[in-house]
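User: Please take me through the fold of this protein in questions and answers, with the cut-offs behind each term.

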Amino acid sequence: MSIIKLSNVTKKYSNGTTALRNISLEIEPGEFTYIVGPSGAGKSTFIKLLYRELKVDTGSGHVAQYDLEKLRHRDVPMLRRAVGVVFQDYKLLPKKTVFENIAYAMEVIGKNPREIKKRVNEVLDLVGLKHKIRSFPNELSGGEQQRVAIARSIANSPKVLIADEPTGNLDPENSWEIMNLLEKINLSGTTILMATHNSQIVNTLKHRVIAIENGRIVRDQEEGDYGYDD
Ligand code: ADP
Ligand code: ADP
């Protein structure tokens, strides 16, 4: 049974731009999939549908056990618990420490302080940043901020981790460090979906590649290539 499935999904913005046309795909639990394609192709829109930042217009789909059409507004937090998200610009809360940034994700789902403390230390250990637990985001490098964002995204042990250009603001060394972490998280069983413009990574660390152009899936390849010149 697929962990992500979309059937004939379309998405049009209120200004009339059709961002996705008739998208169908299935992703199995534990897969690592890259989403590639030119700027404006629809990658971010696709990702936003999966964690219900946006609603599908027509078509159907599910992520984990959550039906993207029928999910009620009040159940969106449950979907977000099953789906961790990492962004290009980290999106850490600037006035909260590293500990508080990660703890917050667990507080909102009602974990107790003892569990939170234990898990925050665990995920910071995984990303190699236990010594930064009391730092604020602006005291960290970009690579460190992204590692904290990854720690936060997995704090609630999501089944799916979605990353929208996670290495977009990082130099190659930090980018590879982030990829090592994502590989490790994938090997522990988490399904990973990553939108990227990084051809070196896609061509080196081989995984399934889904290419979107002009709102349509134009390629879906096991161990695929990046396939663009940029
Ligand atoms: P990229 O995905 O290349 O990093 P953006 O997501 O900023 O770039 O934008 C991609 C395209 O989407 C651009 O053509 C931009 O003008 C358009 N775009 C982004 N946000 C909006 C919006 N709110 N309204 C209209 N167009 C938008
Ligand atoms: P990508 O992530 O591949 O760069 P996007 O999903 O951001 O592509 O954009 C797909 C299309 O939808 C583009 O034509 C873009 O201009 C448009 N778009 C993106 N966001 C908005 C928005 N909020 N309002 C209107 N159009 C948008």
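The questions below go from the record and the model to the strands, the helices and single residues.

User: Which residues does the UniProt annotation "domain: ABC transporter" cover?

Analyst: This is a predicted model, in which local features need pLDDT of at least 70 and side-chain atom pairs count only at pLDDT 80 or more, while totals for chains, interfaces and linings use all residues. Residues are numbered from 1 along each chain as its sequence is written, and side-chain values use heavy atoms, with hydrogens and water left out. UniProt positions follow the numbering used here, with feature names shortened, and annotations may be inferred rather than shown by experiment. According to the unreviewed entry, "domain: ABC transporter" covers residues 4–229.

User: In what order do the four strands of the open sheet lie?

Analyst: Helices (H or I, at least four residues) and strands (E, at least two) are DSSP runs numbered from the N terminus, and two strands pair if DSSP finds at least two bridges between them. β2 (18–27) and β5 (66–67) are the edge strands, each pairing on one side only, and β1 (residues 4–12) is joined to β2 by six bridges. The pairing in this open sheet is antiparallel, and the order is β2-β1-β4-β5.

User: Which residue of β2 is the bridge partner of I4?

Analyst: I4 falls within strand β1, which covers residues 4–12 and runs antiparallel to β2. The bridge partner of I4 in β2 is I27.

User: Why is strand β8 described as largely enclosed by the rest of the structure?

Analyst: Buried means under 20% relative accessible area, exposed over 50%, and partly exposed in between, with a 1.4 Å probe and protein chains only. In a regular strand the side chains alternate between the two faces of the sheet. In β8, T191, L193 and A195 point one way and I192 and M194 the other way, and all are buried. Strand β8 (residues 191–195) is therefore largely enclosed, the number of buried residues being five of the five.

User: What is the handedness of the crossover from β7 to β8?

Analyst: Strand β7 (residues 160–164) pairs with β8 in the parallel sense over five bridges, and A163 has M194 as its bridge partner in β8. The chain passes from β7 through helix α6 (residues 172–187) to β8. A crossover counts as right-handed if, with the strands pointing away from the viewer, the path from the first strand over the helix to the second runs clockwise. By that rule this β-α-β crossover is right-handed.

User: Which residues of helix α1 are buried?

Analyst: Helix α1 (residues 43–50) has six of its eight residues buried, so α1 is largely enclosed by the rest of the structure. Just after α1, R52 takes a positive phi of about 65 degrees. The buried residues of α1 are K43, T45, F46, I47, L49 and L50.

User: Is N22 buried or exposed?

Analyst: N22 lies in strand β2, and its phi is near 55 degrees, a positive value in a residue other than glycine. L20 is also found in strand β2, but L20 counts as buried because its relative accessibility is 0%. N22, at 51% relative accessibility, counts as exposed.

User: Where is S157 found?

Analyst: S157 is not a glycine, although its phi is positive at about 50 degrees. At 52% relative accessibility, S157 counts as exposed. S157 is found in the loop between α5 (142–154) and β7.

Key. Chains lettered and ligands numbered in written order.
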